[in-house]
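Let's walk through a protein fold together, one piece at a time.

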Amino acid sequence: MRKANIAGEARPGPVPGTSLARAFKSACKRVPVIYRAHGKYLGWRQSRRIEREQAEYEARARELGLSPDWDSREAARRLRLRLEARGLSPQPRAPGELHVVYASRAGQWDVYNIAPALAKFGQVSHFLLPEGVRELTPQAWLQVRDRLNDDFSAFVAQAQRRQPVDLVLTYYSGHQVGPEIIQKINAMGMVSAAFHLDDRLLFRGELLGGRFRGPAAVARAYDLNLTQAPESLVKYRVEGGIPLLWPLAANPELCYPRETPCRYDVSFVGTAYGNRISTIDYLRRRGVEVAAFGLGWPGGYLPPDKFQEIYCASRINLNFDEIGYSRYQCGKLRDFEVPMCGGLMLSTHNPHLKNYFELDAEIFTFRNPRECLAQIKGLLADEPRCARARRQARARALKDHTWEARVKDLLQVIGFMAPPA
């Protein structure tokens with residue numbers, strides 16, 4: 001993580017308790033028949049959950065008379081009215097004048113992507129949850145959740161005393177933070193926003209300690225809710241929140257072409273589960289050598305800083321955009337990181353990808369394993385087409401899909417930057 005311009009960084013102390021979930025999954029994977037049967041069951045259950053929740057929120061939206069029309073301009077208008085009611089009127093700032101508190105989980109991807117992008121616009125005070133949080137059992141998490149929430153609130157107050165805070169941006173949903181903490185932060189005189197991933201499946205989530213673990217628990221409390229799924233916009237509006245479509249992106253300082261020999265015809269980087277396993281097995285049975293890296297594959301865990309090397313050393317990079325085990329799609333970091341690295345991406349057919357790249361020219365897609373096999377054969381036999389796609393996709397990613405561009409869009413909606421002329 002780059003330290004430049006990141007003024008404050010805090011990570012609370014260690015927390016007790018671990019989960020046996022990962023050990024259980026690992027044991028299941030050693031029995032392929034059981035693991036695949038369990039995956040099919042999870043796929044059915046998660047798909048039904050997405051369908052039912054989406055239908056429910058769309059019905060509630062009709063009952064409330066909510067217009068289906070919603071874009072960034074409407075989000076900016078609603079946000080301006082909400083902030084004016086608190087006496088706030090964000091004004092454009094000169095480069096470097098902003099002070100942002102960024103609160104993230106204990107993972108790595110956002111630390112290496114979003115925090116440095118924020119630092120390009122001013123000072124960043126960074127609050128990280130402690131290591132080991134992801135392995136906690138639900139009950140163990142409840143034992144420390146309120147304490148960590150208090151630590152977060154105190155950190156924001158301390159940052160405010162050091163230099164007035166303009167924006168608090170978090171990667172927190174109901175599992176990590178309670179609405180009362182966000183309301184307390186709002187009362188300090190700053191704008192609050194959160195981004196939420198996989199909210200087509202996990203918008204509500206399970207109940208834990210009296211509140212849902214997903215964004216539904218905190219959507220109304222945050223001033224702005226950032227989602228990458230157009231289908232989820234209606235959910236935040238029904239819950240009284242203001243949503244903004246905020247796609248994923250890539251960091252060109254990490255994702256760039258490497259001068260490395262091409263070692264793989266086809267590769268995949270990511271955890272082994274669901275459609276990923278069945279598709280790669282299908283390809284291998286038909287003679288396609290697929291090099292797979294990540295948890296659950298024979299090669300095991302691959303550090304995030306090694307992903308880019310694989311992208312650049314592969315003629316074709318497979319990508320799977322499914323949400324969990326379901327048949328529905330969302331976005332993945334690979335959607336943008338592979339093209340940014342100058343790699344060629346072959347992805348499951350996520351209909352939203354056409355909003356970011358030209359399909360079958362910059363990136364390529366497939367709807368089933370048979371189409372995947374046909375695409376691979378055609379691409380491996382046409383290197384000039386592949387080379388052209390790599391150049392065009394990288395140019396598009398650099399122009400439109402950097403994290404710096406995403407942060408700039410966010411600041412323009414809030415009012416901290418002037419909108420484009």
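Start with β2, helix α4 (residues 109-119) and β3, which together make a right-handed β-α-β unit. Right-handed here means that, with the strands pointing away from the viewer, the path from the first strand over the helix to the second runs clockwise. Helices (H or I, at least four residues) and strands (E, at least two) are DSSP runs, numbered from the N terminus.

A word on the source: this is a predicted model, in which local features need pLDDT of at least 70, side-chain atom pairs count only at pLDDT 80 or more, and totals for chains, interfaces and linings use all residues. Residues are numbered from 1 along each chain as its sequence is written, and side-chain values use heavy atoms, leaving out hydrogens and water.

Strand β2 (residues 98-104) runs parallel to β3, and seven bridges join them; strands pair if DSSP finds at least two bridges between them. Along this pairing, V101 stands opposite S125 in β3. Six of the seven residues of β3 (residues 122-128) are buried, meaning under 20% relative accessible area with a 1.4 Å probe, protein chains only.

Now find the open sheet, where five strands pair in parallel in the order β11-β10-β12-β13-β14. At its edges lie β11 (290-293) and β14 (364-366), each pairing on one side only.

Note on methods
Buried means under 20% relative accessible area, exposed over 50%, partly exposed in between (1.4 Å probe, protein chains only).
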